[in-house]
Amino acid sequence: MAHSRSARDFVALSDLHPNLARPNVIGLVIGKTDVRSFPDRKNIGTERYTFSFTIRDSPTYFINVQSWGREEYIRSLSESFRVGDCVTIENPLIQSKEAEREEKFNPVTPSGYKLLLSENHSVVKTSSCYDTDTRLLALLHLPVKDPQDYYSLGDIVANGQSLHGRVLNVLAAVMAVGEPKYFMTSDKRKGQRCEVKLYDETERSFPIVCWDNESIQLAQSWIPQETVIFASDVRINFDKFRNCMTATVISKTIITTNPETAEANVLFSFIKESAQAGALPSPMKELPNETINLETVVDVYTVEQLKEKALQSDGKLEPVHGIIYGYISTLDIDESVSRVLRNRCSVCRFIVNEVSNTCTFCTDVSPEAKSTFASFDILVDVTDHTGTLRSCYLADCVAEDTLGCTVTEFLMLEDDQRTAMKWQLLLERSKIYFKVTSSPNWRTGLKVNLLSCKLADPIEASQSLLGRDWNYL
């Protein structure tokens, strides 16, 4: 069997074998890893680069492809296509795979072979599925596993820690897609993380975490409360700090967006009915105790202006939302963990009583239905050219975004790594969104909650220093 395009034949993936001379194949990219590097044993002091992807040319057949080579070649090749693209491969090396070893870290495929790409002998080209074989388009929405072989989110939660470490399949809808967070690892490599909230008929909110650029880019294309995914081979873990089950996208994972299956159609119907009934919350990003749309916050202040406004209000300051172009001047995250983390209620997200570890706000919720999770709770100083706001509140999701890590990841860091993280953030010119309220019990008389803190655009920051766009009071 072969697919034909003009006078050129493509060998079906199911017909591949090592004795074929100069085969050409075509397929839809259904999975892809990030570029990685390893020390080159033959050339001490240098590194070899690699990445893998998976292509499919029929409902029943797909195969893994691996490429090794120079950094320039590997990065250029990786950047030339994405999941969902159609590629043709000329003259790959067909090699038998060691299933037990290779499928530990790569997608499980029905093929007994894998394809190896050589910079000198193989050619990879992207092409339009419309121009090659329109049958490939249908494969984009067909899961690689049995569409009935999955756990509902409720099943995962109900089974709890017994599923910790298991790799399984999930069918769920997308509730919300978080912003990617970027950080530096202890060995000075750049890292990234993105968390997506899933839901289905059995569970309202379930986190799945992406750690690689490919899955993060795919996740950014999902539409909250409209997209359904079938994620094959995700790792399930129990997050003891958040006291909940989570899923993680790993190198084995293949995600099918908006699968065309009977099971997915039932979930699509549930999404539609729930939306029409108004039974779903807003997909906007959650902040502790309130939801703020940062796009509506446009007024720019200096520290001096905020202090003057507070003095003029005679202790009756209405809540003020605004922006400061400044920097964090105090950030004590490398001292005692107890000064950085507090427990919050999983229902209302308020900080719980430290002695009893119970929530005093959710009085109408049974104790059995409530749990707590560790959350950032940090006091920082914010400074600009006019002065300093002391003891500003950097907490929960905003702190995670600012630090570029979760509580779990933070607790795994050594003291010197936390110190390094602190100095990466200190004194960096930032665009800081805030909410200020009058609080006689607060040590400064003003309670300042940071809503976002990200590196400022240099031009935008310099304009603020020149007095442009300030909200003079």
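Which residues form one aromatic cluster? Phe51, Phe53 and Phe81 do. The model is predicted, so local features need pLDDT of at least 70 and side-chain atom pairs count only at pLDDT 80 or more, while totals for chains, interfaces and linings use all residues. Residues are numbered from 1 along each chain as its sequence is written, and side-chain values use heavy atoms, with hydrogens and water left out.

**Overall make-up**

- The chain has twelve helices and 24 strands; these are DSSP runs numbered from the N terminus, helices being H or I with at least four residues and strands E with at least two.
- Of the 473 residues, 47% count as buried (buried is under 20% relative accessible area, exposed over 50%, partly exposed in between, with a 1.4 Å probe and protein chains only).
- Among contacts between residues at least 6 apart in sequence, 66% join residues at least 24 apart (a contact means heavy atoms within 4.5 Å).

**Nonpolar cores**

- The largest nonpolar core has 34 residues, and Leu306, Phe376, Ile378, Val380, Phe434 and Leu450 have the most contacts inside it (a nonpolar core is a set of buried Ala, Val, Leu, Ile, Met, Phe, Trp, Tyr and Cys residues joined through side-chain atoms within 4.5 Å).
- Elements that give two or more residues to this core include α8 (303-312), β21 (372-384) and β24 (446-455).
- Strand β21 gives the largest share of this core, five residues.
- Leu450 touches several residues, among them Val380, Tyr393 and Phe434, not counting residues up to four places away in sequence.
- A second, separate core of 25 residues includes Val196, Cys210, Ile229 and Ile255.

**Helix α6 and strand β17**

- In α6 (residues 213-220), the residues Glu214, Ser215, Ile216, Leu218 and Ala219 are buried.
- These buried residues pack against several elements, including α1 (71-79), β13 (190-199) and β17 (254-257).
- In a regular strand the side chains alternate between the two faces of the sheet.
- Strand β15 (residues 228-239) pairs with β17 in the antiparallel sense over four bridges (two strands pair if DSSP finds at least two bridges between them).
- Within this pairing, Ile229 stands opposite Thr257 of β17.

**Aromatic rings**

- The whole structure holds eight aromatic pairs (rings of Phe, Tyr and Trp, the last by its six-membered ring, pair if their centres lie within 6.5 Å; planes under 30 degrees apart are stacked, over 60 edge-to-face and the rest tilted).
- Phe38 and Trp68 form a tilted pair, because their ring centres are 5.9 Å apart and their planes stand at 40 degrees.
- Phe38 in β4 (residues 36-39) and Trp68 in β6 (residues 61-69) are 30 residues apart.
- Phe38 is partly exposed at 34% relative accessibility, and Trp68 is partly exposed at 27%.
- Tyr150 and Phe230 form an edge-to-face pair, because their centres are 6.4 Å apart and their planes stand at 75 degrees.
- Tyr150 is partly exposed at 29% relative accessibility, whereas Phe230 is buried at 2%.

**Charges over rings**

- Lys32 lies over the face of Phe81, at 5.3 Å from the ring centre (NZ of Lys or CZ of Arg must be within 6 Å of the ring centre and within 35 degrees of the ring normal).
- The charged end of Arg418 sits over the ring of Phe410, 4.6 Å from its centre.
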